[in-house]
Amino acid sequence: MSPGTESQPTIERVDAEVYTVPTEQEEADGTLSWSSTTLVLARVSGGGNEGLGYTYGSAAAASLIGAELAEAVRGRCIFDVPTSWQAMQRCVRNIGRSGVAANAISALDMALWDLKARLLQQPLAMVLGRCRDSVPVYGSGGFTNYSDSKLREQLHAWVDRDGCQWVKMKVGSDASRDPHRVRTAREVVGEAGLFVDANGAYGTKQALSLAASFADCNVSWFEEPVSSDDLRGLHFVREHAPARMEIAAGEYGYTLDYFRCMLESGAVDVQQIDVTRCGGITAFLRAAALCEASHIDCSTHCAPAAHLHVACAAPGLRHMEWFHDHVLIEQRFFDGAPEVRAGRIQPDLSRPGIGLSFKHSDAKAYRI
């Protein structure tokens, strides 16, 4: 327990659950294919209330939440979330902060912020302090194994039905077909912004060659043209890409050091941050501050319901990713999951915390 917090509510119980949800069909990007998505749900209670958070990734995160992380935060003041965050960071020193540990910390940190806001009977966006009332989203999917007709159908719906200003598609599985697929996308989305995401599938020179081809279709965002681990390569592509094409990366950022190094290297025009990987809401706000200090915009990666409140609070945030797989899961499993209206999503300020209630009965069949 922190000094001077004896009269404050403390963290009493920490639990984690795992759910695996099949995708609508086999899906693929430039470097991976998958047929299911795993959600790890963290629950924390104290002060007569409960908060929830979650991450997408390995089920191993649940074991870490229920053991080492629970021990690190139990008994601490609910209102001192940064103190609990620091304790979680210390307890994984010999495990390693990246990967599964960062995912687990992210889910539990989110749950702690949710619990704090619920005890204050306020929506989290108001507790954090808003920079904006709502956030624009871009439709994201366009998997590389989609047929041309499926690609057209999905992208058209985001623009025509949801009013998205931008859409993003996957590239990289077959570089020889990518220019055709991008032309197909441009034909159906009209004047909307078109983004492509290679998930690090290309080599540096190959990425530049394809960037020139994509520029003919007014592609304005090229995400991970090369591996995010290759900061020199990302910087090279950014320096030589068409002038109107921005380079984005950062979804695999698990630590603040990662974001500092990426920003200092001049590798990106837009820095992506994932609240379910980076260390949660506490770390997301710190990463966003690094971006602001570097005069680089940031954007969220996946998990739109998890990001909504912190996205309203983060300075320099451009937009959020409305990722196909996670939207389906969040709308199925959570009451209060956001819906797109005129290309934007907005928190319901009548709901405390992150505004989500888990529908255990609907999720029960997917629990492992």
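Begin by selecting strand S2 (33–46), helix H3 (100–119) and helix H12 (324–333), each of which supplies at least two residues of the lining of the largest pocket. Helices (H or I, at least four residues) and strands (E, at least two) are DSSP runs, numbered from the N terminus. The model is predicted, so local features need pLDDT of at least 70 and side-chain atom pairs count only at pLDDT 80 or more, while totals for chains, interfaces and linings use all residues. Residues are numbered from 1 along each chain as its sequence is written, and side-chain values use heavy atoms, with hydrogens and water left out.

**The largest pocket**

Within this selection, S2 gives the most to the lining, with four residues. The pocket has a volume of about 570 Å³. A pocket is here an open set of points on a 1 Å grid over the protein atoms alone, where a 1.4 Å probe fits, with protein on both sides within 12 Å along at least five of seven lines; lining residues have an atom within 4 Å of a point. Grid points are joined across faces, edges and corners, and a volume is the space filled by probe spheres set on the points.

Next, select Leu32, Trp34, Arg277, His301 and His326, the closest to the pocket centre of the 27 residues that line it. The lining as a whole divides into nine nonpolar, 12 polar and six charged residues. Ala, Val, Leu, Ile, Met, Phe, Trp, Tyr, Cys and Pro count as nonpolar, Asp, Glu, Lys and Arg as charged, and the others, Gly among them, as polar.

**The second largest pocket**

Move to the second largest pocket, with a volume of about 340 Å³. Of its 14 lining residues, Trp158, Arg161, Asp162, His324 and Leu328 are the closest to the centre. Helix H5 (148–160) and H12 are the elements that give two or more residues to this lining, and H5 gives the most, with five. Six of the lining residues are nonpolar, three polar and five charged.

Val270 stands opposite Asp297 in S10. Right-handed means that, with the strands pointing away from the viewer, the path from the first strand over the helix to the second runs clockwise.

Finally, select strand S11 (residues 317–323), which runs parallel to S10 and is joined to it by two bridges. Cys298 stands opposite Leu317 in S11. From S10 the chain passes through helix H11 (residues 304–313) to S11, in a β-α-β crossover that is right-handed.

Note on methods: Two strands pair if DSSP finds at least two bridges between them.
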